Protein chains: 2
Amino acid sequence: MTKDGIGLDRAFAALADPVRRGIIARLSRGPATVNELAEPFEISKQAVSKHIQVLGQAGLVTRTRDAQRRPVHLNAAALESMTAWIDRYRLIHEEQFRRLDALLETIDAAVKRQKREDEK
Amino acid sequence: MTKDGIGLDRAFAALADPVRRGIIARLSRGPATVNELAEPFEISKQAVSKHIQVLGQAGLVTRTRDAQRRPVHLNAAALESMTAWIDRYRLIHEEQFRRLDALLETIDAAVKRQKREDEK
DNA sequence: CATATAGTCAACCAACAGGTTGATCAAGGA
DNA sequence: TCCTTGATCAACCTGTTGGTTGACTATATG
């Protein structure tokens, strides 16, 4: 399958930066060039270029070519593999809770039964 | 609501490390002590303790007290806020795709109509 | 009290991340 | 061909991360 450990390392690390999250947010509306992506931020174009490289190595974005422009595209599949990882353990955790609740109810019922026995 | 930018910074950074993901995976099955969490890894207990602090500052885990033990508990709500962020932009991206498809179909239909006109 | 168990604190270190500036490359347009 | 635009490469600096070891705190138990 797609995502090994290193892939997840890179993907989560990529989204740990607010500039890169901003880039992803912008790209969700459609492809954009480096200059367009750099515009909202108060950092150099080179810095933005580096951020895009980080996103690229994490598999979150891809590049195409259009004359001297190099548009950046979002790769939603990578986002999906991240939510897949998180949701897996979220669901296991929920299931544990459900079982704990069931156990407590069982104990509660046993206590009540015992009480009725005692009152006889 | 709960998660500001810094919260997301910390949460994503926390999951960027395989040891910390391993800890989260373990905790999804239920609370555990530092020693239990450290056991599968070939690093010092102090290092694991640090990882747990990082997870704590990210809001992903909480601590309780049980005699000299300090069990660690998963906080699933923090995981949820991460998937919420990701899914938001995943869905916007999907919607953009849907609209693009619709546009292409419209163009296609127009071309065919034009063709019929020409053939009259 | 003395000792074992569970965990944290502190100092240190190597590697990496995110930023800068200056030079360079690549593709149009005059 | 020369110039402009779009973007990357390279060198460098600084702060942060993830790891180490050694000392310390806190709770239970002989």
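In chain A, helix 3 (34-38) and helix 4 (45-57) each supply at least two residues of the surface near DNA strand D, as does helix 4 (45-57) of chain B. The structure is a predicted model. Helix 4 of chain B gives the most to this surface, with five residues. In total, 21 residues surround DNA strand D, and the closest are A:Thr33, A:Asn35, A:Ser49, B:Ser44 and B:Ala67. Divided by class, the surface near DNA strand D has nine polar, seven nonpolar and five charged residues.

DNA strand C is surrounded by 19 residues, of which the closest are A:Ser44, A:Ala67, B:Thr33, B:Asn35 and B:Ser49. Two or more residues of the surface near DNA strand C come from each of helix 4 of chain A, helix 3 (34-38) of chain B and helix 4 of chain B. Helix 4 of chain A has the largest share of the surface near DNA strand C, with four residues. This surface comprises nine polar, six nonpolar and four charged residues.

A:Ala67, listed among the closest residues to DNA strand C, lies in the loop between strand 1 (61-63) and strand 2 (72-74) of chain A. Most residues other than glycine have a negative phi. A:Ala67 has a positive phi of about 55° although it is not a glycine. In chain B, the loop between strand 1 (61-63) and strand 2 (72-74) holds B:Ala67, which is among the closest residues to DNA strand D. The phi of B:Ala67 is also positive, near 60°, in a residue other than glycine. B:Ala67 counts as exposed because it has 5 C-beta neighbours inside 10 Å, the cut-off for this class being 12 or fewer.

The contact between the two protein chains takes 28 residues from chain A and 28 residues from chain B. On the side of chain A that touches chain B, two or more residues are given by each of helix 1 (5-15), helix 2 (18-27) and helix 5 (76-119) of chain A. Helix 5 of chain A gives the most to this side, with 13 residues. By class, the side of chain A that touches chain B has 15 nonpolar, seven charged and six polar residues.

In soluble globular proteins, nonpolar side chains tend to be buried together. The largest nonpolar core of the model has 45 residues, and those that touch the most other members are A:Ala11, A:Leu60, A:Met82, B:Ala11 and B:Leu60. When residues up to four places away in sequence are not counted, B:Ala11 touches B:Ala58, B:Gly59, B:Leu60, B:Ala78 and B:Met82.

Within chain A, helix 2 and helix 4 pack at an angle of about 75°, with their axes 10 Å apart. Helix 2 of chain A is therefore roughly perpendicular to helix 4 of chain A, as angles of 65 to 115 degrees are assigned to that class. On the helix 2 side, A:Val19, A:Arg20 and A:Ile23 meet A:His51, A:Ile52, A:Val54 and A:Leu55 of helix 4 of chain A. The residues of this helix contact divide into five nonpolar, one polar and one charged.

Key
Residues numbered from 1 in each chain as written. Chains lettered and ligands numbered in written order. Predicted model: local features only at pLDDT ≥ 70, side-chain atom pairs only at ≥ 80, totals over all residues. Near = placed C-beta within 6 Å. Nonpolar A, V, L, I, M, F, W, Y, C, P; charged D, E, K, R; others polar. Contact = placed C-beta atoms within 7 Å. Core = buried A, V, L, I, M, F, W, Y, C linked by C-beta atoms within 7 Å. Buried ≥ 20, exposed ≤ 12 C-beta atoms within 10 Å, placed from the backbone. Axes fitted to C-alpha atoms, helices over the stretch in contact; angles between N-to-C directions. Parallel < 35°, antiparallel > 145°, perpendicular 65-115°, else oblique.
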